[in-house]
Amino acid sequence: MQRRHFIQSAGALALGMGLFPWTGDAAFAMPNAAGTLEVFAGAIGPGLYQSGDFSQARFHDPRGMTRDAQGNIFVADYVNSVVRKLGTDGRVSIVAGQVEQRDARNGPALQAHFYSPECVAVAADGTLFVSDSGSNTVRRISRDGRVSTLAGKLEVEGFADGPGQQARFNHPVGLGVNAQGVVYVADAYNSTVRRIGADGVVSTLAGSPGATGWRDGHGAQARFNTPVGLTLDAQDQIYVSEYFNNVIRKITPDGTVTTFAGQPGKGGFADGKADEALFLHPQMLSFAPDGSLIVADTGNNRVRRISPQGEVSTLAGTGAGETVTPGTLPAELHLPYGVLALADGSVLVTGLNAILRIQPAKLLKA
(Lines give C-alpha, C1' and ligand atoms only; values in the text may rest on other atoms or scores of the structure.)
Protein backbone atom coordinates (compact mmCIF):
# COMPACT_ATOMS: atom_id res chain seq x y z
CA MET A 1 0.00 0.00 0.00
CA GLN A 2 1.48 3.33 -0.95
CA ARG A 3 0.12 6.84 -0.72
CA ARG A 4 1.55 9.33 -3.17
CA HIS A 5 3.78 11.86 -1.41
CA PHE A 6 3.24 14.73 -3.85
CA ILE A 7 6.78 16.08 -3.42
CA GLN A 8 7.25 19.02 -5.74
CA SER A 9 10.26 18.96 -8.06
CA ALA A 10 12.92 21.54 -7.36
CA GLY A 11 13.08 22.07 -11.11
CA ALA A 12 9.40 22.93 -11.47
CA LEU A 13 8.55 25.99 -13.51
CA ALA A 14 7.61 29.08 -11.51
CA LEU A 15 4.09 29.84 -12.63
CA GLY A 16 3.29 33.12 -10.97
CA MET A 17 3.72 35.14 -7.81
CA GLY A 18 1.66 37.32 -5.53
CA LEU A 19 3.03 38.79 -2.32
CA PHE A 20 0.68 39.51 0.54
CA PRO A 21 2.47 39.96 3.90
CA TRP A 22 0.73 39.16 7.14
CA THR A 23 -1.17 42.03 8.73
CA GLY A 24 -3.31 40.13 11.23
CA ASP A 25 -6.70 38.46 10.76
CA ALA A 26 -8.74 41.60 11.24
CA ALA A 27 -6.77 43.52 8.63
CA PHE A 28 -7.23 41.11 5.72
CA ALA A 29 -8.53 42.77 2.59
CA MET A 30 -12.10 42.03 1.65
CA PRO A 31 -12.48 39.73 -1.36
CA ASN A 32 -14.16 40.87 -4.54
CA ALA A 33 -17.69 39.79 -5.38
CA ALA A 34 -16.56 36.38 -6.59
CA GLY A 35 -13.86 35.81 -3.96
CA THR A 36 -10.12 35.49 -4.56
CA LEU A 37 -7.14 33.17 -4.35
CA GLU A 38 -3.90 34.92 -3.37
CA VAL A 39 -0.37 34.02 -2.31
CA PHE A 40 -0.10 34.41 1.46
CA ALA A 41 3.53 33.36 1.99
CA GLY A 42 6.31 31.98 -0.18
CA ALA A 43 6.07 31.79 -3.95
CA ILE A 44 4.49 29.49 -6.51
CA GLY A 45 7.17 27.45 -8.25
CA PRO A 46 10.30 25.48 -7.34
CA GLY A 47 10.71 24.15 -3.82
CA LEU A 48 13.41 26.03 -1.93
CA TYR A 49 14.39 27.16 1.54
CA GLN A 50 14.68 30.79 2.47
CA SER A 51 13.85 32.75 5.59
CA GLY A 52 12.66 36.33 5.80
CA ASP A 53 9.30 38.04 5.65
CA PHE A 54 6.27 36.38 4.11
CA SER A 55 7.15 37.58 0.62
CA GLN A 56 10.82 36.54 0.87
CA ALA A 57 10.37 33.14 2.51
CA ARG A 58 10.48 29.98 0.44
CA PHE A 59 9.11 26.52 1.25
CA HIS A 60 9.55 23.04 -0.18
CA ASP A 61 6.30 21.07 -0.09
CA PRO A 62 4.64 22.71 2.93
CA ARG A 63 1.97 20.43 4.34
CA GLY A 64 -0.09 20.51 7.55
CA MET A 65 -0.72 23.80 9.36
CA THR A 66 -2.02 24.94 12.73
CA ARG A 67 -2.55 28.26 14.51
CA ASP A 68 -2.00 29.22 18.15
CA ALA A 69 -4.08 31.53 20.33
CA GLN A 70 -1.80 34.47 19.54
CA GLY A 71 -2.33 34.13 15.78
CA ASN A 72 1.02 32.57 14.88
CA ILE A 73 0.78 29.94 12.15
CA PHE A 74 2.94 26.81 12.17
CA VAL A 75 3.61 24.67 9.11
CA ALA A 76 5.36 21.36 8.51
CA ASP A 77 7.85 22.17 5.73
CA TYR A 78 8.07 18.59 4.56
CA VAL A 79 11.03 18.38 2.17
CA ASN A 80 13.02 21.00 4.09
CA SER A 81 12.48 18.77 7.16
CA VAL A 82 11.70 21.65 9.51
CA VAL A 83 8.76 23.11 11.41
CA ARG A 84 8.34 26.79 10.66
CA LYS A 85 6.43 29.70 12.15
CA LEU A 86 4.66 32.44 10.26
CA GLY A 87 4.66 35.01 13.02
CA THR A 88 2.28 37.87 13.67
CA ASP A 89 5.31 40.12 13.01
CA GLY A 90 5.24 39.05 9.35
CA ARG A 91 8.42 36.95 9.57
CA VAL A 92 8.97 33.28 8.80
CA SER A 93 11.35 31.43 11.12
CA ILE A 94 12.36 27.88 12.03
CA VAL A 95 10.79 26.57 15.22
CA ALA A 96 12.57 23.23 15.19
CA GLY A 97 14.79 21.11 12.97
CA GLN A 98 17.65 21.74 10.58
CA VAL A 99 17.12 22.26 6.87
CA GLU A 100 17.34 19.03 4.85
CA GLN A 101 18.80 17.02 7.74
CA ARG A 102 16.51 14.09 7.14
CA ASP A 103 16.94 11.83 10.12
CA ALA A 104 15.46 11.75 13.59
CA ARG A 105 17.24 13.40 16.51
CA ASN A 106 15.85 14.87 19.72
CA GLY A 107 17.32 17.74 21.71
CA PRO A 108 17.27 21.54 21.64
CA ALA A 109 14.82 22.63 18.94
CA LEU A 110 17.31 24.13 16.50
CA GLN A 111 19.67 21.16 16.87
CA ALA A 112 16.97 18.50 16.52
CA HIS A 113 16.26 16.70 13.24
CA PHE A 114 13.02 15.54 11.65
CA TYR A 115 12.80 12.88 9.02
CA SER A 116 9.63 14.10 7.29
CA PRO A 117 7.37 16.36 9.36
CA GLU A 118 3.91 16.11 7.91
CA CYS A 119 1.38 17.69 10.26
CA VAL A 120 1.41 19.92 13.32
CA ALA A 121 -1.04 20.58 16.16
CA VAL A 122 -0.79 23.06 19.01
CA ALA A 123 -2.06 22.59 22.56
CA ALA A 124 -3.69 25.32 24.61
CA ASP A 125 -0.44 25.85 26.52
CA GLY A 126 1.57 26.35 23.31
CA THR A 127 3.15 22.89 23.15
CA LEU A 128 3.52 21.74 19.54
CA PHE A 129 3.02 18.19 18.33
CA VAL A 130 4.46 16.96 15.04
CA SER A 131 3.73 13.81 13.07
CA ASP A 132 7.15 12.80 11.79
CA SER A 133 5.75 10.30 9.35
CA GLY A 134 9.04 8.99 7.98
CA SER A 135 10.34 8.18 11.46
CA ASN A 136 6.95 6.68 12.50
CA THR A 137 6.71 8.86 15.58
CA VAL A 138 4.79 11.72 17.10
CA ARG A 139 7.25 14.34 18.32
CA ARG A 140 6.75 17.12 20.86
CA ILE A 141 8.23 20.63 20.84
CA SER A 142 7.97 21.96 24.38
CA ARG A 143 7.51 25.59 25.31
CA ASP A 144 11.11 25.72 26.52
CA GLY A 145 12.33 24.76 23.05
CA ARG A 146 13.19 21.08 23.25
CA VAL A 147 12.17 18.31 20.87
CA SER A 148 11.36 14.88 22.30
CA THR A 149 9.52 11.77 21.18
CA LEU A 150 6.00 11.72 22.58
CA ALA A 151 5.08 8.31 21.20
CA GLY A 152 6.60 5.64 19.01
CA LYS A 153 10.22 4.65 18.49
CA LEU A 154 12.34 6.65 16.08
CA GLU A 155 12.57 5.03 12.64
CA VAL A 156 10.78 1.83 13.74
CA GLU A 157 7.43 1.04 12.14
CA GLY A 158 4.81 -1.33 13.48
CA PHE A 159 1.75 -1.40 15.67
CA ALA A 160 1.58 -1.48 19.45
CA ASP A 161 -0.42 0.33 22.10
CA GLY A 162 1.15 1.23 25.43
CA PRO A 163 3.19 3.91 27.15
CA GLY A 164 4.96 6.45 24.96
CA GLN A 165 8.00 4.96 23.32
CA GLN A 166 6.73 1.40 23.74
CA ALA A 167 3.96 2.24 21.25
CA ARG A 168 4.45 1.76 17.51
CA PHE A 169 3.01 3.61 14.50
CA ASN A 170 3.15 3.11 10.75
CA HIS A 171 3.24 6.46 8.96
CA PRO A 172 1.31 8.75 11.33
CA VAL A 173 -0.13 11.78 9.54
CA GLY A 174 -3.06 13.90 10.77
CA LEU A 175 -3.04 15.24 14.34
CA GLY A 176 -5.48 16.94 16.67
CA VAL A 177 -5.22 17.91 20.35
CA ASN A 178 -8.08 18.76 22.69
CA ALA A 179 -8.24 21.11 25.66
CA GLN A 180 -7.22 18.31 28.05
CA GLY A 181 -4.02 17.64 26.11
CA VAL A 182 -5.21 14.39 24.52
CA VAL A 183 -3.61 13.93 21.08
CA TYR A 184 -5.40 12.04 18.29
CA VAL A 185 -3.43 10.55 15.40
CA ALA A 186 -4.40 9.28 11.96
CA ASP A 187 -2.11 6.23 11.79
CA ALA A 188 -2.27 5.94 8.02
CA TYR A 189 -0.68 2.61 7.14
CA ASN A 190 -2.11 0.87 10.20
CA SER A 191 -5.56 2.12 9.06
CA THR A 192 -6.42 3.11 12.61
CA VAL A 193 -7.08 6.24 14.63
CA ARG A 194 -4.98 6.36 17.77
CA ARG A 195 -5.26 8.28 21.05
CA ILE A 196 -2.34 9.53 23.14
CA GLY A 197 -3.56 10.37 26.62
CA ALA A 198 -2.27 13.25 28.70
CA ASP A 199 -0.28 10.58 30.58
CA GLY A 200 1.47 9.57 27.33
CA VAL A 201 -0.24 6.19 27.01
CA VAL A 202 -1.24 5.24 23.46
CA SER A 203 -4.46 3.37 22.72
CA THR A 204 -6.46 2.61 19.59
CA LEU A 205 -9.67 4.61 19.39
CA ALA A 206 -11.05 3.04 16.21
CA GLY A 207 -10.09 0.56 13.54
CA SER A 208 -8.07 -2.62 13.64
CA PRO A 209 -4.43 -2.81 12.46
CA GLY A 210 -3.99 -4.93 9.37
CA ALA A 211 -7.74 -4.97 8.70
CA THR A 212 -8.16 -2.50 5.85
CA GLY A 213 -11.57 -1.72 4.39
CA TRP A 214 -14.65 0.32 5.14
CA ARG A 215 -17.15 -0.26 7.91
CA ASP A 216 -18.92 2.00 10.37
CA GLY A 217 -19.21 0.78 13.93
CA HIS A 218 -17.67 1.07 17.35
CA GLY A 219 -13.95 0.92 18.08
CA ALA A 220 -12.22 -2.14 16.65
CA GLN A 221 -15.34 -3.06 14.66
CA ALA A 222 -14.83 -0.08 12.34
CA ARG A 223 -12.62 -0.30 9.27
CA PHE A 224 -10.54 2.39 7.55
CA ASN A 225 -8.36 2.56 4.46
CA THR A 226 -5.43 4.93 4.97
CA PRO A 227 -6.77 7.70 7.23
CA VAL A 228 -4.69 10.84 6.71
CA GLY A 229 -6.36 14.14 7.68
CA LEU A 230 -7.70 14.69 11.20
CA THR A 231 -9.36 17.54 13.06
CA LEU A 232 -11.60 18.04 16.10
CA ASP A 233 -14.81 20.01 16.53
CA ALA A 234 -15.84 21.96 19.61
CA GLN A 235 -17.40 18.82 21.13
CA ASP A 236 -14.17 16.80 20.74
CA GLN A 237 -15.63 14.73 17.94
CA ILE A 238 -12.92 13.59 15.55
CA TYR A 239 -13.18 13.95 11.78
CA VAL A 240 -10.87 11.89 9.57
CA SER A 241 -10.28 11.89 5.83
CA GLU A 242 -9.54 8.56 4.14
CA TYR A 243 -7.19 8.66 1.21
CA PHE A 244 -8.32 5.44 -0.46
CA ASN A 245 -11.93 5.20 0.76
CA ASN A 246 -12.49 8.78 -0.51
CA VAL A 247 -14.71 9.72 2.42
CA ILE A 248 -14.76 11.81 5.58
CA ARG A 249 -15.54 9.87 8.76
CA LYS A 250 -16.78 11.12 12.13
CA ILE A 251 -15.70 9.51 15.40
CA THR A 252 -17.26 10.27 18.77
CA PRO A 253 -14.96 10.44 21.84
CA ASP A 254 -16.09 6.91 22.80
CA GLY A 255 -14.97 5.54 19.41
CA THR A 256 -18.23 5.26 17.46
CA VAL A 257 -17.51 5.72 13.74
CA THR A 258 -19.95 6.96 11.10
CA THR A 259 -19.49 8.20 7.53
CA PHE A 260 -19.86 11.99 7.47
CA ALA A 261 -19.47 12.77 3.76
CA GLY A 262 -18.69 11.02 0.50
CA GLN A 263 -19.47 7.58 -0.85
CA PRO A 264 -17.20 4.80 0.46
CA GLY A 265 -14.78 3.49 -2.14
CA LYS A 266 -16.21 5.67 -4.89
CA GLY A 267 -13.72 8.34 -5.88
CA GLY A 268 -14.76 11.20 -8.11
CA PHE A 269 -16.08 14.74 -8.01
CA ALA A 270 -19.60 15.85 -7.14
CA ASP A 271 -20.96 18.63 -4.96
CA GLY A 272 -24.31 18.30 -3.23
CA LYS A 273 -25.64 16.56 -0.14
CA ALA A 274 -22.93 15.04 2.03
CA ASP A 275 -23.96 11.44 1.38
CA GLU A 276 -24.16 12.05 -2.38
CA ALA A 277 -20.96 14.08 -2.78
CA LEU A 278 -17.77 12.57 -4.17
CA PHE A 279 -14.14 13.20 -3.18
CA LEU A 280 -10.87 11.93 -4.59
CA HIS A 281 -7.99 11.30 -2.18
CA PRO A 282 -8.99 13.92 0.41
CA GLN A 283 -6.26 14.96 2.81
CA MET A 284 -6.12 17.69 5.47
CA LEU A 285 -9.19 19.06 7.27
CA SER A 286 -9.98 22.22 9.24
CA PHE A 287 -13.09 23.68 10.87
CA ALA A 288 -14.03 27.25 9.96
CA PRO A 289 -15.60 29.69 12.45
CA ASP A 290 -19.05 29.20 10.87
CA GLY A 291 -18.93 25.46 11.59
CA SER A 292 -18.02 24.42 8.04
CA LEU A 293 -15.55 21.59 7.58
CA ILE A 294 -12.90 22.50 5.00
CA VAL A 295 -11.38 19.63 2.99
CA ALA A 296 -8.23 19.59 0.86
CA ASP A 297 -9.60 17.42 -1.95
CA THR A 298 -6.18 16.67 -3.35
CA GLY A 299 -7.06 14.29 -6.15
CA ASN A 300 -9.63 16.73 -7.50
CA ASN A 301 -7.29 19.75 -7.22
CA ARG A 302 -9.95 21.55 -5.23
CA VAL A 303 -10.70 22.82 -1.73
CA ARG A 304 -14.21 21.81 -0.64
CA ARG A 305 -16.58 23.02 2.08
CA ILE A 306 -19.05 20.89 4.01
CA SER A 307 -21.60 23.28 5.52
CA PRO A 308 -23.15 22.74 8.96
CA GLN A 309 -26.29 21.74 7.06
CA GLY A 310 -24.42 18.93 5.28
CA GLU A 311 -24.06 20.49 1.83
CA VAL A 312 -20.76 20.03 -0.02
CA SER A 313 -19.56 22.84 -2.29
CA THR A 314 -16.31 23.90 -3.93
CA LEU A 315 -14.41 26.87 -2.48
CA ALA A 316 -11.52 26.93 -4.97
CA GLY A 317 -10.11 25.01 -7.91
CA THR A 318 -11.48 23.93 -11.26
CA GLY A 319 -10.04 20.43 -11.23
CA ALA A 320 -7.54 21.19 -14.00
CA GLY A 321 -4.60 20.93 -11.62
CA GLU A 322 -1.73 21.71 -13.97
CA THR A 323 -0.92 25.05 -12.38
CA VAL A 324 -1.76 27.30 -9.47
CA THR A 325 -3.45 30.41 -10.81
CA PRO A 326 -4.26 33.14 -8.25
CA GLY A 327 -7.05 35.58 -8.96
CA THR A 328 -10.81 35.45 -9.03
CA LEU A 329 -12.32 32.24 -7.72
CA PRO A 330 -12.57 29.41 -8.53
CA ALA A 331 -8.96 29.96 -9.75
CA GLU A 332 -6.77 26.86 -10.12
CA LEU A 333 -5.02 24.70 -7.54
CA HIS A 334 -2.37 22.01 -7.93
CA LEU A 335 -2.52 19.12 -5.43
CA PRO A 336 -3.72 21.14 -2.42
CA TYR A 337 -2.64 19.39 0.76
CA GLY A 338 -2.89 21.42 3.96
CA VAL A 339 -5.85 23.62 4.88
CA LEU A 340 -6.29 26.00 7.81
CA ALA A 341 -9.44 28.09 8.35
CA LEU A 342 -8.68 31.46 9.94
CA ALA A 343 -10.72 33.53 12.37
CA ASP A 344 -11.50 36.17 9.72
CA GLY A 345 -13.36 33.60 7.57
CA SER A 346 -10.63 33.02 4.98
CA VAL A 347 -8.83 29.71 4.39
CA LEU A 348 -5.14 28.98 3.93
CA VAL A 349 -4.13 26.13 1.62
CA THR A 350 -0.73 24.76 0.65
CA GLY A 351 0.04 24.12 -3.00
CA LEU A 352 3.00 24.17 -5.38
CA ASN A 353 5.43 25.22 -2.61
CA ALA A 354 3.41 28.25 -1.54
CA ILE A 355 0.91 28.99 1.19
CA LEU A 356 -2.18 30.44 -0.50
CA ARG A 357 -5.19 32.23 0.90
CA ILE A 358 -8.77 31.66 -0.25
CA GLN A 359 -11.09 34.56 0.49
CA PRO A 360 -14.61 33.36 -0.35
CA ALA A 361 -17.17 35.89 -1.53
CA LYS A 362 -18.98 35.14 1.71
CA LEU A 363 -16.38 34.79 4.44
CA LEU A 364 -16.81 31.75 6.69
CA LYS A 365 -17.28 33.72 9.90
CA ALA A 366 -19.21 32.68 12.98
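**Close-up views of an all-strand predicted model**

The model is predicted, so local features are given only at pLDDT of at least 70 and side-chain atom pairs only at pLDDT 80 or more, while totals for chains, interfaces and linings use all residues. Residues are numbered from 1 along each chain as its sequence is written, and side-chain values use heavy atoms, with hydrogens and water left out.

View 1. The protein chain has 0 helices and 30 strands, where helices (H or I, at least four residues) and strands (E, at least two) are DSSP runs numbered from the N terminus. Its radius of gyration is 19 Å, close to the 21 Å that the globule rule gives for 366 residues, so the chain is as compact as a globular protein of that length; the radius is taken over C-alpha atoms, and the rule is 2.2 Å times the number of residues to the power 0.38. The C-alpha trace spans about 50 × 50 × 35 Å along its principal axes. Of the contacts (heavy atoms within 4.5 Å) between residues at least 6 apart in sequence, 47% join residues at least 24 apart.

**View 2. The largest nonpolar core around Ile294.** A nonpolar core is a set of buried Ala, Val, Leu, Ile, Met, Phe, Trp, Tyr and Cys residues joined through side-chain atoms within 4.5 Å, and in the largest one, with 29 residues, Leu37, Ile294, Val303, Leu356 and Ile358 touch the most other members. At least two residues of this core come from each of β1 (36–42), β24 (293–297), β26 (311–316), β28 (339–341), β29 (347–351) and β30 (354–359), with β30 giving the most, 3 residues. Beyond its neighbours within four places in sequence, Ile294 is in contact with residues including Met284, Leu285, Val303, Leu315, Val339, Val347 and Leu364.

**View 3. The largest pocket and its lining.** The largest pocket has a volume of about 950 Å³. Among its 37 lining residues, Thr66, Arg67, Val122, Val177 and Thr231 are the closest to its centre. Two or more lining residues come from each of β3 (62–67), β8 (117–122), β13 (172–177), β18 (227–232), β23 (282–287) and β28.

**View 4. Ser131 within strand β9.** Serine 131 lies in β9 (residues 128–132) and is buried, with a relative accessible area of 0%. Not counting residues up to four places away in sequence, Ser131 touches Ser116, Pro117, Glu118, Cys119, Thr137, Pro172, Val173 and Leu175.

View 5. In the loop between β19 (238–242) and β20 (247–251) lies asparagine 246, a residue other than glycine whose phi is positive, near 60°; Asn246 is buried, with a relative accessible area of 5%. Histidine 281, in the loop between β22 (272–273) and β23, likewise has a positive phi, near 55°, but is partly exposed, with a relative accessible area of 21%.

How values were computed:
Buried < 20%, exposed > 50% of the residue type's maximum accessible area, 1.4 Å probe, protein only. 1 Å grid on protein atoms, 1.4 Å probe; cavity = no way out; pocket = protein on both sides within 12 Å on 5 of 7 lines; lining within 4 Å. Points joined across faces, edges and corners; volume = space filled by probe spheres on them.
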